[in-house]
Amino acid sequence: MSLAADFTQQEVPTHVAIIMDGNGRWARARGLPRMIGHQRGADSVRRTVEAAVELGISYITLFGFSSENWRRPADEVKDLMGLLRRYLKNESKDLKKNGVRVRFVGDLTRLPQDIVQQIEVAESLTAEGKSLTLTIALSYGGRQEIVRAAKRLAEKVERGELQPSEIDEPTFEHELLTLGLPDPDLMIRTSGEIRISNFLLWQSAYSEFVFIEKHWPDFSKEDLALAVAEYQRRDRRYGTTTDSR
Ligand code: IPE
Ligand code: IPE
Ligand code: MG
């Protein structure tokens, strides 16, 4: 079955961002360790990337690990880093084969050095990918990103390269980690939580939100297609009236 078949008449979102939540609760509901939930979550990532290519989505951004997730128990953080190592090692070649360009955003300086190197390898290996740009947010926080941008602008002013009066939305956006990515059209969160948890705060100003009850390990290709269908029923007004557009 081609997932794209249903969408030929309507606009597919260019950029879909996903807060992949609920791995721990998925595992707990089955009496399994949280790590199994994270492993099954990695399978969902694989499926979702495939589905995004099939649906003709151009950009997908996944929240993999937040700035605040560093506060989790050391064992869980270690397990998650191990899973990330495995993902990078196993998936990079397939991503390249499928025309997926992968990039990472976040404070990568906090990650173990070998993972930083693997990230660089994966980014350069897949740099020519044209079918989909997969951005993985790791050690990422929207507030931290905004503070970093403000600091970089202040430094430019200090060096005499920029006048404060020249600071506008494009100059600010230029300092964000997501430079080059369009804003997300559709933001999905799994596991029934209805909050943004410090993800893409600036970029989601006009995103359409879809909240799904299922936990991330159960998120299927069909669920992505349903979220896209829900997006297509929304009327995006950007502050205008329906008539004036
Ligand atoms: C999402 O699942 C994965 C990460 C945040 C790393 P959780 O680990 O947050 O799962 P719950 O929310 O505890 O169920
Ligand atoms: C958000 O999920 C971060 C990721 C999905 C990586 P959390 O599980 O960390 O968010 P809260 O703590 O429930 O807000
Ligand atoms: Mg959670």
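This is a predicted model: local features need pLDDT of at least 70, side-chain atom pairs count only at pLDDT 80 or more; totals for chains, interfaces and linings use all residues.
**Entry 1: two helices**

I began with helix α2, residues 34–55, and helix α3, residues 74–97. Two packed helices are described by the angle between their axes and the distance between the axes, so I looked up both. The angle is about 25° and the axes are 11 Å apart. Angles under 35 degrees count as roughly parallel, so α2 is roughly parallel to α3. I also noted the handedness: α2 passes α3 in a right-handed crossing.

Which residues make the contact? From α2 I listed Arg 34, Met 35, His 38, Gln 39, Ala 42, Val 45, Arg 46 and Val 49. From α3 I listed Glu 76, Asp 79, Leu 80, Leu 83, Arg 86, Tyr 87, Glu 91 and Leu 95. Sorted by kind, the residues of this contact come to 8 nonpolar, 2 polar and 6 charged.

**Entry 2: aromatic rings**

Next I turned to the rings, and a search of the whole structure gave me 8 aromatic pairs. I wrote down two of them in detail.

For Phe 65 and Trp 70, the ring centres are 4.9 Å apart and the planes stand at 75°. Planes over 60 degrees apart count as edge-to-face, so I filed this pair as edge-to-face. I checked Phe 65 for accessibility too: its relative accessible area is 3%, so Phe 65 is buried.

Stacked or edge-to-face for Trp 216 and Phe 219? Their centres are 5.0 Å apart and their planes are at 20°, so I filed this pair as stacked. Trp 216 has 1% relative accessibility and counts as buried. Phe 219 is buried as well, with a relative accessible area of 0%.

One more item for the ring page: Phe 63, Tyr 140 and Phe 199 are linked into a cluster by ring pairs.

**Entry 3: Glu 123**

Last, I picked out Glu 123, which I found in helix α4, residues 113–125.

I then looked at what surrounds Glu 123. Leaving aside neighbours within four places in sequence, Glu 123 is in contact with Val 102, Arg 103 and Phe 104. I also looked up its distance to Lys 96, which lies 27 residues away along the chain. The C-alpha atoms of Glu 123 and Lys 96 are separated by 9.8 Å.

Conventions. Residues are numbered from 1 along each chain as its sequence is written. Chains are lettered from A and ligands numbered from 1 in the order in which they are written. Side-chain values use heavy atoms; hydrogens and water are left out. Axes are lines fitted to C-alpha atoms, for helices over the stretch in contact, and angles run from 0 to 180 degrees between N-to-C directions. Helices (H or I, at least four residues) and strands (E, at least two) are DSSP runs, numbered from the N terminus. Angles under 35 degrees count as roughly parallel, over 145 as roughly antiparallel, 65 to 115 as roughly perpendicular and the rest as oblique. A crossing is left-handed if the near helix is turned anticlockwise from the far one by less than a right angle, and right-handed if clockwise. Contact means heavy atoms within 4.5 Å. Ala, Val, Leu, Ile, Met, Phe, Trp, Tyr, Cys and Pro count as nonpolar, Asp, Glu, Lys and Arg as charged, and the others, Gly among them, as polar. Rings of Phe, Tyr and Trp (its six-membered ring) pair if their centres lie within 6.5 Å; planes under 30 degrees apart count as stacked, over 60 as edge-to-face and the rest as tilted. Buried means under 20% relative accessible area, exposed over 50%, partly exposed in between (1.4 Å probe, protein chains only).
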